[in-house]
Amino acid sequence: MEPFLPDNTAPGHPDQDSVQCEVAMLNVKRARDLALSLGSETFEHVVKLFIDQANNSLEEMHNTARIRSFEEIASLSHTMKGSASTVGCDVLADLYGKIEHAVKNENSDMLDRLTTELQNATPLSLDALQSM
């Protein structure tokens with residue numbers, strides 16, 4: 001796994017359109033800064049751990065949302081919000097923050113909408129992160 005995305009986000013670059021969606025799912029600067037500070041090998045390990053954690057939490061989120069276990073959802077959302085932000089997955093961090101807020105307000109309709117958004121955004125964010 002390469003530690004950096006190629007600089008193909010510049011207008012006119014032949015591959016610019018192919019990464020537009022992925023870049024929007026990832027704060028590339030934060031991910032690159034983390035990769036630089038940790039080193040390539042450690043960064044790859046952190047990314048792998050986060051991907052495993054994100055996939056597991058997505059399944060757990062679905063199960064706990066279905067049974068309306070608000071305390072568990074709040075705890076999981078809080079943890080994942082920080083983890084996602086650390087690796088540059090700002091879209092996921094934002095969704096987890098909104099889920100945490102919805103749970104604190106016991107807003108089941110909002111929770112359902114946000115967990116659906118999370119299910120859609122997670123694979124896109126993880127693909128963007130893996131492409132680094």
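**Helix packing in a predicted model**

Just after helix α2, G39 takes a positive phi of about 90°. This comes from a predicted model, as does everything that follows.

What about α2 itself? The helix spans residues 28-38, and its buried residues are V28, A31, L34 and A35. Because these four cover an arc of only 130° around the axis, they end up on the same side of α2. Turn to the face pointing away from that buried side, and the exposed residues K29, L36 and S37 come into view.

Next comes a pair of packed helices, α3 and α4. Two packed helices are described by the angle between their axes and the distance between the axes. Here, α3 (residues 40-66) and α4 (residues 70-87) pack at an angle of about 155°, and their axes lie 10 Å apart. Since angles over 145 degrees count as roughly antiparallel, that makes α3 roughly antiparallel to α4. The crossing of α3 past α4 is left-handed. On the α3 side, the contact is made by V46, F50, Q53, A54, S57, E60, M61, T64 and A65. Their partners on α4 are E72, I73, L76, S77, T79, M80, S83, A84 and V87. Sorted by class, this contact of α3 with α4 has ten nonpolar residues, along with six polar and two charged ones.

Helix α4 also packs with α5 (residues 90-104), at an angle of about 155° and with the axes 8 Å apart. With that angle, α4 and α5 are therefore roughly antiparallel to each other. Again the crossing is left-handed, this time with α4 passing α5. From α4, the residues making the contact are F70, I73, A74, S77, H78, M80, K81, A84 and S85. From α5, D90, L92, A93, Y96, G97, I99, E100 and V103 take part. In the contact of α4 with α5, ten residues are nonpolar, four are polar and three are charged. A few α4 residues turn up in both contacts, among them I73, S77, M80 and A84.

Finally, there is Q119, which sits in helix α6 (residues 108-130). Is Q119 buried, partly exposed or exposed? Its relative accessibility is 34%, so Q119 counts as partly exposed. Leaving aside residues up to four places away in sequence, Q119 touches L58 and H62. The sequence also separates Q119 from N55 by 64 residues, yet in space the two are 9.7 Å apart, C-alpha to C-alpha.

Notes:
Residues are numbered from 1 along each chain as its sequence is written. This is a predicted model: local features need pLDDT of at least 70, side-chain atom pairs count only at pLDDT 80 or more; totals for chains, interfaces and linings use all residues. Side-chain values use heavy atoms; hydrogens and water are left out. Axes are lines fitted to C-alpha atoms, for helices over the stretch in contact, and angles run from 0 to 180 degrees between N-to-C directions. Helices (H or I, at least four residues) and strands (E, at least two) are DSSP runs, numbered from the N terminus. Angles under 35 degrees count as roughly parallel, over 145 as roughly antiparallel, 65 to 115 as roughly perpendicular and the rest as oblique. A crossing is left-handed if the near helix is turned anticlockwise from the far one by less than a right angle, and right-handed if clockwise. Contact means heavy atoms within 4.5 Å. Ala, Val, Leu, Ile, Met, Phe, Trp, Tyr, Cys and Pro count as nonpolar, Asp, Glu, Lys and Arg as charged, and the others, Gly among them, as polar. Buried means under 20% relative accessible area, exposed over 50%, partly exposed in between (1.4 Å probe, protein chains only). The arc is that of the directions from the helix axis to the C-beta atoms.
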